[in-house]
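Hello,

Please find the structure below. Notes on what was found in it follow.

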Amino acid sequence: MIGFYGANERAPSARLLARQVQRGEVGGVFFVTQNIGTLQEVTGLLRLFRAGEHQPMIAIDQEGGIVQRLKEAHGMTPLPAAKVVAATMSPVQAREIYATAGQELAALGFNTNFGPVLDIDMPQSPAIGRAKRSFGSDPVLIVPYAEAFVEGFSGAGILCVAKHFPGHGSAMGDSHHGVADISESWNEAELQPFRRLFVSAQAPAMVMMGHLRLDAIASDGLPATISSSIVTGLLREKMGFRGVIMTDDIDMEAISHLMNRRQAVIASLVAGNDLIMIKNLFGYDPLLPSRVVGWVRDAISRGVLTEERIMASAERVRAVRHRAQRETFHRAGARPSQPPAPRAP
């Protein structure tokens, strides 16, 4: 899942990325603040990315509060921050506002939302607490609002991505600017919202890893994103999550100051991630998708990865893409086409 330069369909980076999607080199694209122009420009970009047989995941951050990329000017309902939602609405009311937002997002052409946030609220946390991005400090009370978020958006055919595993709420650092070390502040209660949501009727399709250092589980000091102990050992095996596990942006300084893109891609896959997110704005590489394929092939040839492991991830990603297509076409009264089967690297 890759980002792009520009805020309209004339941008060369966006046009190239659309061709890469149709060549099967990219499974998803995501919009960041720099890609958001007028409503007409956003819809033009969405038409560009959706114009072809291969239908990618098209993702955006639409949590609410300060993390709402599409605004009232784009015809979107203003969403309160998660903390405000939990303080002023019942879960039923929250579901209604998220359902409206999901319908608006789907009508534009998006099919993936990076939310809900399952991190526990700690007011001093710069990335979560101060921004009011958490539903609350009680793990048990977070879940009904997270369920309302997932039910509202997924009812409109929007795939939801629960974040940031294993819990960003206690971090005093921001992973945009370096690894956020939660080793001294984290406790197992921060897993409860994830654990409870996974067994809910509103289990999310995907989980996003956080660039979080947690020495108690990953004794090598690696961020959770590239830690087999956390991605595979804790999330996949111990907690039994069967959906798609994706990285946060590996171009963030939390990862990029430790290793280059090639190393980060392979380390993320070795750890057990299924989907790699790369913003590709700083140090823009127009050939990045084909390079990544080459890096994976090389890793397989050297025995660092196996083809079976990669194909298993490809199948999981394909399944959630088809789920989004099926729900979208069901609402439109049409029959979805089957997404192409993943090819061996």
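Helices here are DSSP runs of H or I with at least four residues, numbered from the N terminus. A cavity is a set of grid points where a 1.4 Å probe fits but cannot get out, and its lining residues have an atom within 4 Å of a point. Please keep in mind that this is a predicted model.

Cavities

The count comes to three cavities of 30 Å³ or more. The largest cavity holds about 60 Å³ of space. Which element gives the largest share of its lining? That is helix 1 (residues 12-22), with four residues. The lining of the largest cavity draws on separate parts of the sequence: Ile 2, Gly 3 and Phe 4, then Ser 13, Leu 16, Leu 17 and Gln 20, and finally Asn 280, Tyr 284, Asp 285, Pro 286 and Pro 289. Sorted by class, seven of these residues are nonpolar, four are polar and one is charged.

The second largest cavity has about 40 Å³ of space. Ten residues line this second cavity, and the closest to its centre are Ser 154, Ile 158, Leu 159, Cys 160 and Arg 323. Helix 5 (139-154), strand 6 (159-165) and helix 11 (307-332) are the elements that give two or more residues to its lining. By class, the lining of the second largest cavity has seven nonpolar residues, one polar and two charged.

Helix 10

Pro 289, listed above in the lining of the largest cavity, is also one of the buried residues of helix 10. Helix 10 covers residues 288-301, which makes 14 residues. From its first C-alpha to its last, helix 10 reaches 20 Å, close to the 20 Å expected at 1.5 Å a residue. Which residues of helix 10 are buried? They are Leu 288, Pro 289, Val 292, Trp 295, Val 296 and Ala 299. These residues lie on the same side of helix 10, because they cover an arc of only 115° around the axis. After helix 10 comes Gly 303, which has a positive phi, near 80°.

Six strands form an open sheet in the order 1-2-5-6-8-10, and their pairing is parallel. Strand 1 (28-30) and strand 10 (244-246) are at the edges with a single partner strand each, so one side of each has no neighbour in the sheet. Strand 10 runs parallel to strand 8 (residues 206-209), and three bridges join the two. Met 208 is opposite Met 246 in strand 10.

Regards

Note on methods
Residues numbered from 1 in each chain as written. Predicted model: local features only at pLDDT ≥ 70, side-chain atom pairs only at ≥ 80, totals over all residues. Heavy atoms only, no water. 1 Å grid on protein atoms, 1.4 Å probe; cavity = no way out; pocket = protein on both sides within 12 Å on 5 of 7 lines; lining within 4 Å. Points joined across faces, edges and corners; volume = space filled by probe spheres on them. Nonpolar A, V, L, I, M, F, W, Y, C, P; charged D, E, K, R; others polar. Expected span 1.5 Å × (residues − 1). Buried < 20%, exposed > 50% of the residue type's maximum accessible area, 1.4 Å probe, protein only. Arc of directions from axis to C-beta. Pairing = 2+ DSSP bridges.
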